[in-house]
Amino acid sequence: MSDITYRQLIRDGLWNNNAALVALLGLCPLLAVTNTAINGLGLGIATTVVLVLSNITVSLIRNIVRNEIRLPVFVLVIASFVTAVELSMNAWFFELYKILGIFIPLIVTNCAIIGRAEAFASKNNLVKSTVDGLAMGIGFTLVLVALGAMREFIGMGTLFTQAHLMFGEAARGLTFSMGDNFQGALLAILPPGAFIALGLMLAMKNWIDQRNEERAKQAALEEEPEAAA
Amino acid sequence: MQFPTITSPHTDRPNSVQKAMLWVVLALIPGALAMIWFFGWGILINMVLAIATAIACEALVMKLRDRQVKPVIMDLSAILTAMLFAIAVPPLLPWWLTVIGVAFAILLVKQMYGGLGYNVFNPAMAAYVLLLISYPVQMTSWLPPVMLNENPLTFAQTLGVIFGGALPNGLTWDAVTMATPLDTMRTGLSLNQTVTEISSSPVLGEFGGKGWEIVAGLYLLGGLFMLYKKAITWHIPVSTLAGLAVMAFLFNIIDGDAYPLTSFHIFSGATMLGAFFIATDPVSAPGTRKGQLYYGASIGVLIYIIRTWGGYPDAIAFSVLLMNMAAPTIEFFTRPRTFGHRGAGHD
């Protein structure tokens, strides 16, 4: 485990071992809150913060915690950070806090977080665990935002509505709209839309991976035609 | 229930997907023609548009998969899906909704699962539900049948509405559209009117709705034709109608003022179309005979439940999709016993 490079960590978190697209972890909040891009971004950032902080803490205490009780300890650590994030959002992003509702405290149960604590942070040093948490969190956030944007655009013809809830009044200009005449497909915003859109995203990722693999194979063949023959 | 064991020879005449589909398409035509007569050119325009879209989508997928295009289109399954969809949607549906619906049916519901024979859900009904949930206003704007229609649209005007979205001068949507018999019944009941009071509404006919009951009768005839040609077996349609009829009969006996007659349920909405043409889709229904009885009866009961207490006027699509999900389980528990083994599911 210790020979893993930072480059690999980042690539794993963002693409190869993406928490949402490959490990399929944390799907409950993923499917539930991604009806707009901003909701997805909000939850993604909250999850990333918790992930980084819990990875750091778990990595620091990894030699003190006895193996038998490690899971309850990890859960306690994660729950503390989630509570902190929840209170902070309640204080500074109240509107967003109201929209995301139950899904902020539910970050505790996001398997992606305890998964990283157990599989990575409890076995690696501080810096690597931090990088891993950050990469995983950003990878998760990107999926949330992409899914949210897709559903929001198909469903309502807008992008980044309510951006001001997150970035203040100045961000109102970020909102993109197709105009009032756009007739969106309501289904995209409803729960089935989340499942269909996620399915399509998974298919797209697998398709890209397959194509890259084939190209690599082709390239390898062209480099060593004799060996292949 | 016991069914006779059929001994060999099992193949008494050559049969093919194409032939079975052809019988279904032919059986659908009388009812479809009646719908064009009662509800105007829109049905025909939708059908042509839907079939063209379906063929284009199938061709696209076959090209992407490096398969031959022609045999897949010639098996008629996509065309049947398109026809069922076009019959199910309102006559003046904007063209882009028809295109979205059929493309969804063929690309996502059928081909993404692997094409004909692999789809879990009935493509036409999945597309119908997609549109009904996403665009409830357009999807519930039905025209009145021809004898009640004060503002019948010409062919050119219908084209203009479907492709341009603009009604001819002096007409509003309220003047063109009218509540369907099922809508009328539902609205009346919610206003605490009795079934008898509602039945005096001009929309309602002898059994179901004016015009609708004739269309339903023709679908029944088409269904009998398919039974005769052995394109379908009796199990699913009979159990579907029976499930619905038993529910309707029971509740009608309990309170005849609040629950309409059995005949109303059987002859209005898409009951006949659903029982004979949609629920019998061989791909998404269970394969065992016994399972088909459970499947059909559950669809019938669900139709009644959703029509009576649900949020949407008609319920064929929802019932069929719900039971599509249950079909593999039904199949598992109704496997015929193999000789020498104890019973289904215990081998």
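Colleague: How many Å separate the centres of domain 1 of chain B and domain 2 of chain B, taken over C-alpha atoms?
Modeller: This is a predicted model, and in it chain B is divided into domain 1, residues 17-161, and domain 2, residues 179-336. Taken over C-alpha atoms, the separation between the centres of these two domains of chain B is 21 Å.

Colleague: Which helix of chain B gives the largest share of the side of domain 1 that touches domain 2?
Modeller: The contact between the two domains of chain B takes 30 residues from domain 1 and 30 residues from domain 2. On the domain 1 side, at least two residues each are supplied by helix 1 (17-39), helix 4 (77-88) and helix 6 (123-134) of chain B. By class, that side has 25 nonpolar, five polar and no charged residues. The largest share of the side, ten residues, comes from helix 1 of chain B.

Colleague: What is the radius of gyration of chain B?
Modeller: The secondary structure of chain B comes to 17 helices and zero strands, and its C-alpha atoms fill a box of roughly 70 × 55 × 30 Å along the principal axes. For 347 residues the globule rule gives 20 Å, and the value for chain B is close to this, so chain B is as compact as a globular protein of that length, with a radius of gyration of 21 Å.

Colleague: What percentage of the residues in chain B is buried?
Modeller: A residue counts as buried if 20 or more other C-beta atoms lie within 10 Å of its own. Among the 347 residues in chain B, the buried share is 47%.

Colleague: With which residues is B:Ala127 in contact, leaving aside its neighbours within four places in sequence?
Modeller: Once its neighbours within four places in sequence are left aside, the contacts of B:Ala127 are B:Phe85, B:Gly101, B:Val102, B:Phe104, B:Ala105 and B:Val109.

Colleague: Is B:Asp66 buried or exposed?
Modeller: B:Asp66 is found in the loop between helix 2 (41-64) and helix 3 (69-74) of chain B, and its phi is near 60°, a positive value in a residue other than glycine. Since a residue with 12 or fewer other C-beta atoms within 10 Å is exposed, and B:Asp66 has 6, B:Asp66 is exposed.

Colleague: Is B:Lys230 buried or exposed?
Modeller: B:Lys230, found in the loop between helix 12 (212-228) and helix 13 of chain B, has a positive phi of about 60° although it is not a glycine. The limit for this class is 12 or fewer C-beta neighbours within 10 Å, and B:Lys230, with 12 of them, counts as exposed.

Colleague: What distance separates the C-alpha atoms of B:Met62 and B:Gly115?
Modeller: B:Met62 lies in helix 2 of chain B and, with 18 C-beta neighbours inside 10 Å, counts as partly exposed. Leaving aside neighbours within four places in sequence, B:Met62 is in contact with B:Arg67, B:Gln68, B:Val69 and B:Val72. B:Met62 and B:Gly115 are 53 residues apart along the chain, and the separation of their C-alpha atoms is 9.7 Å.

Colleague: How many residues of chain B are in contact with chain A?
Modeller: Chain A has ten helices and two strands, and of its 229 residues 36% count as buried. The side of chain A that touches chain B divides into four nonpolar residues, one polar and no charged. Five residues of chain A take part in the contact, and from chain B the number is four.

Colleague: Which helix has the highest mean pLDDT among the elements of chain B?
Modeller: The predictor gives the complex an ipTM of 0.76 and a pTM of 0.84, while chain B averages a pLDDT of 87, with 96% of the residues scoring at least 70. Among the elements of chain B, the lowest mean pLDDT, 77, belongs to helix 9 (residues 173-176), and the highest, 94, to helix 13 (residues 235-254).

Definitions and conventions
Residues are numbered from 1 along each chain as its sequence is written. Chains are lettered from A and ligands numbered from 1 in the order in which they are written. This is a predicted model: local features need pLDDT of at least 70, side-chain atom pairs count only at pLDDT 80 or more; totals for chains, interfaces and linings use all residues. Two residues are in contact if their C-beta atoms, placed from the backbone, lie within 7 Å. Ala, Val, Leu, Ile, Met, Phe, Trp, Tyr, Cys and Pro count as nonpolar, Asp, Glu, Lys and Arg as charged, and the others, Gly among them, as polar. pLDDT is the predictor's confidence in each residue, from 0 to 100. Helices (H or I, at least four residues) and strands (E, at least two) are DSSP runs, numbered from the N terminus. Domain bounds come from an automatic or database domain assignment. The radius of gyration is taken over C-alpha atoms; the globule rule is 2.2 Å times the number of residues to the power 0.38.
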